[in-house]
Amino acid sequence: MTNENISVSTNVAERLKVGIREGVTYPIVMKYCGHCTMPIEYCEYYPEYEKCKEWLERNMPDDFERLKIEEEQAAADGTDDDKKRQKRGGKGLLRVKKKEDVPKRICVSRAARGKKKSVTVVTGLSTFDIDLKVAAKFFGTKFACGSSVTGDDEIVIQGDVKDELFDVIPDKWSEIDEDAIEDLGDQKR
């Protein structure tokens with residue numbers, strides 16, 4: 001090993017040293033933003049950084065001043081924050097799905113499963129703002145069979161219970177009229 005390699009390995013060893021470090025006050029207290037719930041050092045990477053700055057200015061004025069001074073120094077250095085900051089929304093930005101104007105209709109059909117068995121497929125419950133997992137659990141207990149959510153707006157019930165659904169659905173959910181349920185007959189899956 002050369003002298004250069006030895007000095008590099010000791011620098012790495014010093015940086016990775018475990019234990020109390022000089023110049024650090026303990027316990028280390030993390031401060032979190034009330035808007036994005038991330039540490040305030042990471043707020044600048046959040047898509048709604050302006051709202052984070054407003055929250056910091058109201059609730060943590062000392063930290064806001066420190067961040068403001070750091071931003072001004074970065075601007076004076078010529079580094080552009082817009083290149084670093086994420087422009088599009090990611091997982092950090094919650095988006096509300098737009099509801100499309102689809103007709104409120106529930107479709108019930110039967111599909112063959114093997115030679116003698118069949119399943120009942122129910123679609124359209126989400127147009128009435130019904131939680132599909134709750135509905136699948138209800139169908140499973142009501143008909144004493146397996147029931148699961150298989151698609152965006154599709155529940156598969158094991159067995160042929162298509163005829164009973166015309167009575168059960170309006171009884172359970174009063175906002176659904178019996179005329180809103182359509183029988184599609186036998187379908188292939």
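1. Basis. The model is predicted: local features need pLDDT of at least 70, side-chain atom pairs count only at pLDDT 80 or more, and totals for chains, interfaces and linings use all residues. Residues are numbered from 1 along each chain as its sequence is written, and side-chain values use heavy atoms, with hydrogens and water left out.

2. The sheet. Five strands form an open sheet in the order β3-β4-β2-β1-β5, and the pairing is mixed. Its edge strands are β3 and β5 (181–187), each pairing on one side only. On average, neighbouring strands are turned by 25° against each other, direction ignored. Strands here are DSSP runs of E with at least two residues, helices are runs of H or I with at least four, and both are numbered from the N terminus. Two strands pair if DSSP finds at least two bridges between them. Axes are lines fitted to C-alpha atoms, for helices over the stretch in contact, and angles run from 0 to 180 degrees between N-to-C directions.

3. Strand pairs. β1 (residues 106–113) and β2 (residues 117–123) are antiparallel, with seven bridges. In this pair, A112 stands opposite S118. β2 also pairs with β4 in the antiparallel sense, over five bridges. There V121 faces V156 of β4. Four bridges join the antiparallel strands β3 and β4. These two strands make a hairpin with two residues between them, and G151 stands opposite E154 in β4.

4. Helix α6 on the sheet. α6 packs on the sheet and touches β1, β2, β4 and β5. Its direction makes about 160° with that of β5. Contact means heavy atoms within 4.5 Å.

5. A lysine to look at. K162 lies in helix α6. Is K162 buried or exposed? K162 counts as buried because its relative accessible area is 6%. The cut-offs are under 20% for buried and over 50% for exposed, with partly exposed in between (1.4 Å probe, protein chains only). Leaving aside neighbours within four places in sequence, K162 is in contact with V108, S109, R110, T120, D183 and G185. The C-alpha atoms of K162 and V121 are separated by 8.3 Å, though the two are 41 residues apart along the chain.

6. Helix α5. This helix (residues 132–143) has 12 residues. From first C-alpha to last it reaches 16 Å, close to the 16 Å expected at 1.5 Å a residue. The expected span is 1.5 Å times one less than the number of residues. Its buried residues are L132, A135, A136, F138, F139, G140 and F143. An α-helix has 3.6 residues a turn, so residues three or four places apart point the same way. Covering the buried residues of α5 are elements including β3 (147–151), β4 (154–158) and α6 (162–172). Just after α5, A144 takes a positive phi of about 50°.

7. The cavity. How many cavities of 30 Å³ or more are there? The count comes to one. The largest cavity has a volume of about 50 Å³. Y49, K53, L56, F64, L67, K68 and E71 line it. The elements giving two or more residues to this lining are α2 (49–59) and α3 (61–77). α3 supplies the largest share, four residues. On a 1 Å grid over the protein atoms alone, a cavity is a set of points where a 1.4 Å probe fits but cannot get out, and lining residues have an atom within 4 Å of a point. Grid points are joined across faces, edges and corners, and a volume is the space filled by probe spheres set on the points.

Key:
1 Å grid on protein atoms, 1.4 Å probe; cavity = no way out; pocket = protein on both sides within 12 Å on 5 of 7 lines; lining within 4 Å.
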